[in-house]
Amino acid sequence: MVLRDTLLSWVSADPFVPFKTITTLTVIVVAVLAFTYLILNARDAPSLPRDQLSPPELLGPAGKITHTFFDNQFDFLADGFRTTASAVFRFRLFHNEVMAVSGEEARQTFFREKALNLYQGFQVLIGTIPTGLDPHALSGIYKRLNVLQRPDNLQFLLPRLLLDCHRKMDSWGNEGLLDPTSTVHDVTFQMIVRAVSSFDVADNAALVARLKKFYDIIDASVKPLTTNLAWVPGFATFRKVWASMNVYRIFSKALEERKSSGIKREDALQQLLDSGESSKCIVGFMMGLPIAGARSTGTIGTWLLLFLSHEHEWLAAVRKEIETLISTYTTDPLPTFSPQSIVDVLSRIPLSAWESQTPNLDLCIRETLRRAQPHTAVRKNTGPDIKLGSYTIPSGSFVLYPFADTFFDASVYSEPFRWNPARSLAKEQLFLGWGGGTHMCKGQRLASLTMKLVVAYACLRFKLDLVNHLGQPISEPPVPDMNDFLTCQPKNDCTIKFSERPDWTDSRA
Ligand code: HEM
């Protein structure tokens, strides 16, 4: 989610940067200076005519508000609603007027109003360099992403994604502890790079590892004030631009080499080339989508495994479901148990079965999206003033809707902080796990398949237990840190202990 602004800044990327280094550096310097100027000299926030009612303001020193907003966003927003005793409150961030909204009516308005613009919200409020938006290029990218997620293409990708998953997890060894902030992310990142970019890049483990580092820098730049060099104006911006340029070079090179080699491969890059997309669109697609997809897929994938390591009944149910699929689609006797044989049998399960015959896994994914997704949606009001109950959202202001408002609403989800895939959904008006309105996640199908493959492979190959950092079993559940909107680490001392199962029938969790 962090990545939409980044995606957009890449959509307008020029593929010939290597020939324009001086221009590029000049642009960077000007951008950094312009950004600094904007911060220091921002115009006053839009103000309301006297007859219109403004929501209560959360008062406090600007620096404290900014720090708390980026460092403890969940608490900041919850405290704001509590302190102002209002479902809508406003505050100032970087000289911008921001409205935090909650409640049923606000949610409907938030996702319905076309003037509430996601891209401008992210670029200005969370992103660091405001960039020009090319809606045409963006819709082209989304069209291609749809094509990529067509059944025939996902079916073709399935065994290749499984192989990626196997190679990454094989490097874990026979047993050990996972790092909840990175281990599963590395697996899903590899798989998403495979799906949305070039097989030449995805086949090169060292290159994928470098890419991952650059994307981590870009992701981290959404917290501009938390770096060691926070006092240097535009430092986070500079690092983000530097990392983006490196990512840009990697994908531009992959594009140029493919074009000049005359070799065709059955990957997203080739599809984009064959469909006549411009170099700008192709590079923008490959650069933007891994970050759009990998961070969230890694986070939800990690939490799925964390919860399953604690809730062994669900782990057993999911494993049983996968075993049933294996026996349905494998006519000959099961091969001798080995990591490679897991890939072989899972590859025989068709996409349609992965998508429609895993009800328990579907429930677990859905509940994890609800319980461990610390997302606050951001929009800018690019149209006239909008009415929200008795309040007005002025034109030009920013609006925040924390998904926690719905996800942790006890009147909809009883015991909302408990991970319970079996919960009744009778009162649910709208499930926000993949977003709402026009900006629903565009990569949902790929993300779901990726997570299912990761969980299926992990739970067939390994015994999974929830332990503390010393490897000792713990009985309390893992608790997502909702303030950590970037990595969503566990709040308590817990991680996953994995150890290889001896055979297909091992009944231990
Ligand atoms: C478990 C993984 C994922 C989760 C939980 C997730 C969740 C979301 C959510 C909640 C939004 C809406 C954000 C908002 O309204 O502020 C969104 C948007 C988006 N997602 Fe995902 N996403 C995931 C994976 C992916 C993947 C794999 C891709 C592509 C490869 C992707 C591409 C996008 C794009 C392009 C948008 C912007 C949609 C628009 O602008 O209309 N996502 N995602």
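Modeller: Two strands count as paired if DSSP finds at least two bridges between them. Strands (E, at least two residues) and helices (H or I, at least four) are DSSP runs, numbered from the N terminus. This is a predicted model, in which local features need pLDDT of at least 70 and side-chain atom pairs count only at pLDDT 80 or more, whereas totals for chains, interfaces and linings use all residues. Residues are numbered from 1 along each chain as its sequence is written.

By the pairing criterion, β9 and β10 (residues 495-500) run antiparallel and are joined over 6 bridges. Within this pair, Asp465 is placed opposite Lys497 of β10. Both strands belong to an open sheet of 3 strands, ordered β4-β10-β9, with antiparallel pairing. Because β4 (175-177) and β9 (462-467) each have a single partner strand, they form the edges, and one side of each has no neighbour in the sheet. From one strand to the next, the twist averages 15°; such angles, from 0 to 180 degrees, are taken between N-to-C directions of axes fitted to C-alpha atoms, for helices over the stretch in contact.

Helix α14 (residues 279-310) lies across β9 and β10 and runs at about 85° to β9. Contact here requires C-beta atoms, placed from the backbone, within 7 Å of each other. Helix α14 also contributes to the shell around the ligand, giving the most of any element, with 6 residues. That shell comprises 23 residues, the closest being Gly293, Ser296, Gly435, Cys441 and Gly443; the criterion is a C-beta atom, placed from the backbone, within 6 Å. Two or more residues of the shell come from each of α9 (183-196), α14 and α20. By class, the shell holds 13 nonpolar, 8 polar and 2 charged residues, where Ala, Val, Leu, Ile, Met, Phe, Trp, Tyr, Cys and Pro are nonpolar, Asp, Glu, Lys and Arg are charged, and the others, Gly among them, are polar.

Helix α20 (residues 444-461) leads in turn to α15 (residues 312-329): their axes come within 10 Å and cross at roughly 100°. Residues Leu315, Val318, Arg319 and Ile322 of α15 meet Val455, Ala456, Cys459 and Leu460 of α20. This contact has 7 nonpolar, no polar and 1 charged residues.

A further open sheet has 5 strands in the order β1-β2-β8-β5-β3, and its pairing is mixed. Its edges are β1 (88-93) and β3 (116-117), each with a single partner strand, so one side of each is left without a neighbour in the sheet. Strands β5 (residues 376-381) and β8 (residues 398-402) run antiparallel and are joined by 5 bridges. In this pairing, Ala377 has Tyr401 of β8 as its bridge partner, and Thr376 stands opposite Pro402 of β8. Strand β5 also pairs with β3, in the antiparallel sense over 2 bridges, and Leu116 has Asn381 of β5 as its bridge partner. Since 5 of the 6 residues of β5 are buried, β5 is largely enclosed by the rest of the structure; a residue is buried if 20 or more other C-beta atoms lie within 10 Å of its own, exposed if 12 or fewer, and partly exposed in between. Helix α5 (residues 104-112) lies across β1, β2 (96-101), β3, β5 and β8, at about 120° to β8.

Notes:
Two residues are in contact if their C-beta atoms, placed from the backbone, lie within 7 Å.
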